[in-house]
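Please keep the model open while reading.

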Amino acid sequence: MRLPRIFRTTPFRLTLLFLALFASAASAFLAYIYVATAGEATRRTDRDITREMISLASVYNRAGVDAVNQALIERAASERPFLYLLMTPDGRRISGSIEESPIEDFAGKPAWTTFTITDEAPNGRLVRHPARGLQERLRGGEILFVGADVGEDEAYVMKIVRALWGAGALVVILGLAGGVLVSRNVSRSMASLTGVVDAVRNGDLGARAPVRGTRDEFDELALGLNEMLDRLERSMAGHKHAGDAIAHDLRSPLTRLRARLEAAYLDVEAGKGDPTHALAQALEDTDGVLKTFAAVLSIARLQAAGTAPDPVLFDPTELAADIAELYEPLCEDKGIDFAAELAKELTIRGNREFMAQALANILDNAIKYTPTGGAIMLRVRRRSSGEVEFSVTDTGPGVPEEDRERVVHRFVRLENSRNEPGAGLGLSLVAAVAEAHGGRLELDEGPGKVGEMGPGLRVALILPRVA
Amino acid sequence: MRILIVEDDLQAADAMDRGLSELGHTCTKAADGEEGLQAARAGEFDVMIVDRMMPRMDGVTLVESLRREGDQTPVLFLSALGEVGDRVAGLQAGGDDYLVKPYAFAELSARVEALSRRRETGSVATVLRVGDLEMDLIGRTVHRQGKDIDLQPREFQLLEFMMRHAGQSVTRTMLLEKVWEYHFDPQTNVIDVHISRLRSKIDKGFDRPMLQTVRGAGYRLDA
């Protein structure tokens, strides 16, 4: 049998569980109340019976069996009469308000009993009442039984029991109703999230969960889901774009390569010309294709892994000095003023090789775009947040603000730099390295426009502080 | 030189064989790890070129077996796996150098030659001599025809590597790997600039240039 949806929800099941727990706790509490009240009524009756027995025994001791008989007659007329039975030592009735004792095998020791008396109601119907009684042997051997009708007590206890059952039922009904309400509410919130998941599964990456602004865990989940979808959508867009870009980056050189080889082949076949030059160029084209391919592969692997492989702790200043030493002669050759400002005693955690390559790519880019007479500054510093920042500032043409976000994404190249080979991959790899290290890449304007130069570009690779 | 080529891609093996034979080396080919191990045990080789991923027995296992048996023949690993971790694993297994596919033949031959030379000069010379160029490894000084040549630390390391491989072609990638210890491919040929600086120090003002550019390969220091 399939239960209605609401009964299968987690909140409803939790409600049932809590209801069960609450019901047991309530039962224990109600049981305590029952014992306290009903038990108390019985104890009071027993006390009263005992007191009456003592009082009659003292009458007997003082004045003998006839005085007891007299007392029984007097008391029978009182408001709440006890039940009495005075018997001879061998158990024959002398007097009393009942015909025979409910205690059959009387050994002579005081004995308690619970029994039923039958009364005739004014309308003639017989009514049965529960009763309690105590039987004792008097000093002279006579047997005295004192009992009491506990029908009223019993009725009172029954009232309490009924009230308790009612309360229990109310607890269950209210609990169930509450459970249904809570489940409904939670289910509705879940349904909106499930709806988003379904939509995404059906291919609508643009679906987003509504955020109600209550800042509860559903909002948190919705926010997290939306952020995840944002990233996914960006990544998917990136992949789609990557496909186009790889096609572009690889198709042009491959087409060129094919044309060269074909021309060389035709020349050789026709017996004219020397194919050496064409072949050398074909090799160069092949190397270009392989370089692009290697960069694409590195980026893809880093992005797929999500983290940098074989991370170690190392000094970023040492690395920066090393890379600076590698690139400084290149700057000098091109007539670019190169300076480095490296803070000391910093530590970062990551893959040194990838970090070196990232830094090399940033410097490479800066040198490529900075004209002769320009300047490049390499800096390593600790930001106030504790993060470590590598930055390279150049006085090249820079990147327009609206393009900065795009330029770090995979394979994006600005239109005016289309013809520089591989230019699109350098910063993409840096971005991938930054991301794999839990850091980020930031692009800003450089020192500004000075004459023909500038405004320049400032590329910052920011890495998290080492805990 | 006798070279053992253990490579399951037969076309690639043939291309290596042809190229290396043309340079005057004698090549033996094995098509998988098992065959390679048999060949290595049976013959004496100066260098082994071992592909990392092969059927039956992979290159790392092959080299580990040989090293356990005491075979110290220099090994050049070839691999399509170029990540840092892959390289480290290859070198830890007992490889002496690591070349990522696809490679230029000049790169392969330069590395093979560098490996064979390495074994010959296992000595602990304190002075290196190439023609009239002299390097004192302890005093950290360089002279040519008696004239002091003042070098930066990195230039000294660069020249030391060139001198240890005098007469052989060394590629830019080899220099970046062995002198700077970086394994990435720079977008610009930064190495060229360093070589030209070094060249201006050791060749400028002398009648005969020693540091040669080898077209399509790299550089060579000639006596």
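## Terms and source

Axes here are lines fitted to C-alpha atoms, for helices over the stretch in contact, and angles run from 0 to 180 degrees between N-to-C directions. Helices (H or I, at least four residues) and strands (E, at least two) are DSSP runs, numbered from the N terminus.

This is a predicted model: local features need pLDDT of at least 70, side-chain atom pairs count only at pLDDT 80 or more, and totals for chains, interfaces and linings use all residues. Residues are numbered from 1 along each chain as its sequence is written, while chains are lettered from A and ligands numbered from 1 in the order in which they are written.

## Confidence

The predictor gives the complex an ipTM of 0.83 and a pTM of 0.63.

## Where the chains meet

Two residues are in contact if their C-beta atoms, placed from the backbone, lie within 7 Å. Chain A gives 20 residues to the contact, and chain B gives 17 residues. On the chain A side, α6 (276-305), α7 (316-334) and α8 (352-369) each supply at least two residues. That side has nine nonpolar, five polar and six charged residues. Ala, Val, Leu, Ile, Met, Phe, Trp, Tyr, Cys and Pro count as nonpolar, Asp, Glu, Lys and Arg as charged, and the others, Gly among them, as polar.

α7(A) packs on α8 (residues 190-202) of chain B at about 75 degrees, with the axes 8 Å apart. That makes α7(A) roughly perpendicular to α8(B) (65 to 115 degrees; under 35 is roughly parallel, over 145 roughly antiparallel, the rest oblique).

From α7(A) come A:Leu326, A:Tyr327, A:Pro329, A:Leu330 and A:Asp333. They meet B:Val190, B:Val193, B:His194 and B:Arg197 in α8(B). These contact residues divide into six nonpolar, one polar and two charged.

## The sheet behind the helices

In chain A, five strands form an open, mixed sheet in the order β7-β9-β10-β12-β11. Strands pair if DSSP finds at least two bridges between them. The edge strands are β7 (337-342) and β11 (440-445) of chain A. Six bridges join β11(A) to the antiparallel β12 (residues 457-463) of chain A. A:Leu443 has A:Val459 in β12(A) as its bridge partner.

α7(A) lies across β7, β9 (375-382) and β10 (388-394) of chain A, at about 175 degrees to β7(A). α8(A) lies across β9, β10 and β12 of chain A, at about 15 degrees to β10(A).
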